[in-house]
Amino acid sequence: MTQQSQSQSESVRGVGAGTARGVTERPRILEVDALRGFALAGILVVNVLTTAGPPGVRGGLAHVHAADGAVEWLVVLLAQSKFYLLFSFLFGYSFTLQMDSAARAGARFVPRMSRRLAGLSVLGLAHAVLLYTGDILMMYALCGLVLLAARNAGPARAWRAALWVYGVADGFLLLVGLGAALFDPGDLGESAAVKAELTAAYRGGFTEVVGANIRALPDIVAALPLMGGYVVAAFLVGFVAGRRQWLGAAALADRTRLRRIFLTGLAIGVPGAVFSAAGMAGPLPERWELLGLAVGLAAAPALSAACATGLLLWFATPSGAATARVLAPAGRMALTNYLTQSLVMALVFSGYGLGLYGRTGAAAAVGGALVLYACQLALSGWLMRRHRLGPVEWLLRVVTLWARPGKATARKVS
């Protein structure tokens with residue numbers, strides 16, 4: 001059996017994909033795992049700029065190299081707001097797989113999913129307090145309750161709801177950003193005093209770092225009503241994709257449709273992304289920063305769709321298929337990799353590690369992140385040849401099933 005066929009024969013990722021009863025599991029979709037694995041790189045390069053220094057693209061990281069400004073601009077252009085939407089879309093898609101898995105196992109889905117969301121919230125809180133204040137897991141857990149409540153909605157109704165939620169969230173932010181651009185309310189970011197205080201805290205010991213993270217928790221809660229709208233919308237679109245089999249074999253074989261989505265996504269998304277980068281990282285004045293963020297979020301779904309469909313088209317080629325086989329193991333253990341990224345970044349930049357917070361430029365930070373990502377690809381491939389789940393995925397499955405996965409669940413399909 002080839003490596004590709006072996007990967008495709010393994011069971012679907014997700015807590016609901018297996019039970020201790022030995023129910024036959026559904027084959028994994030290699031391309032979906034590869035998309036998730038690729039998205040880890042985008043998440044990492046965005047998060048490393050936040051972890052490496054004070055918040056804000058402008059005046060955040062020190063410019064110690066001529067390439068630092070260009071790297072910041074490219075991260076905003078290519079990665080900011082795009083990859084967390086792709087992750088959110090795949091979460092909604094996996095939600096439908098977990099529903100199907102529970103039905104095949106004869107298990108009650110709501111208790112299963114409720115335990116999964118509770119487990120994510122605990123992981124997210126620990127992640128935010130100990131490692132990284134930009135945690136997304138708590139938001140996933142809370143927004144997942146909306147998805148759970150909408151589990152019986154038809155695809156058409158879920159699609160309309162996604163459009164409304166996204167439109168309201170981004171419409172509000174666009175109005176606020178337009179007002180800021182036109183009337184110049186002054187510095188909307190962190191003041192110099194606040195940045196100095198953060199720098200001192202994150203260069204301090206473990207207690208100071210954790211204290212700063214705890215003080216940032218109210219900001220996470222405050223961001224939930226707005227940013228949660230984007231996550232919920234992506235969840236619902238992923239739910240529609242699962243119900244309508246957008247990532248099934250027949251849909252993936254329709255290259256004409258994939259090309260159409262790819263080209264349309266580029267045509268809509270690239271101009272918005274360029275304006276967003278100009279507003280958030282220059283050369284537009286700082287008063288355009290919030291509008292740049294809003295425009296970037298409005299364009300992000302189009303670019304995320306272009307990225308996903310472009311990769312799916314490439315995965316159908318010999319070189320793309322080889323790359324997908326490298327990316328897929330990292331996607332299968334994406335939660336473990338996501339938390340590991342934060343752990344490594346904390347050890348590099350915080351005071352209880354190397355203490356490089358605010359001392360490195362964007363180019364060095366992103367370069368180091370890409371080295372970390374390459375190591376994760378290699379380690380994920382090694383682990384997934386020996387185990388079906390990553391360590392955190394295994395723990396979350398235990399919580400979801402409220403039982404240790406049985407031998408029938410743990411074995412690989414040959």
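Predicted model: local features only at pLDDT ≥ 70, side-chain atom pairs only at ≥ 80, totals over all residues.

**Exercise 1.** Determine where Ser81 is placed, and classify Ser81 as buried or exposed.

*Solution.* Ser81 belongs to the loop between helix H3 (68-78) and helix H4 (83-105). Its phi is near 75°, a positive value in a residue other than glycine. For context, most residues other than glycine have a negative phi. The relative accessible area of Ser81 is 10%; buried means under 20%, so Ser81 is buried.

**Exercise 2.** Classify the ring pair formed by Tyr166 and Tyr230.

*Solution.* The structure holds 12 aromatic pairs. In one of them, the ring centres of Tyr166 and Tyr230 are 4.9 Å apart. The planes stand at 80°, and over 60 degrees counts as edge-to-face, so this pair is edge-to-face. Tyr166 lies in helix H7 (residues 155-183) and Tyr230 in helix H10, so the pair ties together parts 64 residues apart in sequence. Both Tyr166 and Tyr230 are buried.

**Exercise 3.** Classify the ring pair of Tyr202 and Tyr357.

*Solution.* The centres are 5.1 Å apart and the planes at 35°, so the pair of Tyr202 and Tyr357 is tilted. Tyr202 is in helix H8 (residues 192-202), and Tyr357 is in the loop between helix H15 (334-349) and helix H16 (362-384). Tyr202 is buried at 12% relative accessibility, and Tyr357 is buried at 4%.

Key:
Residues numbered from 1 in each chain as written. Heavy atoms only, no water. Helix = DSSP H or I, 4+ residues; strand = E, 2+ residues; numbered from the N terminus. Buried < 20%, exposed > 50% of the residue type's maximum accessible area, 1.4 Å probe, protein only. Phe/Tyr/Trp six-rings, centres within 6.5 Å; stacked < 30°, edge-to-face > 60°.
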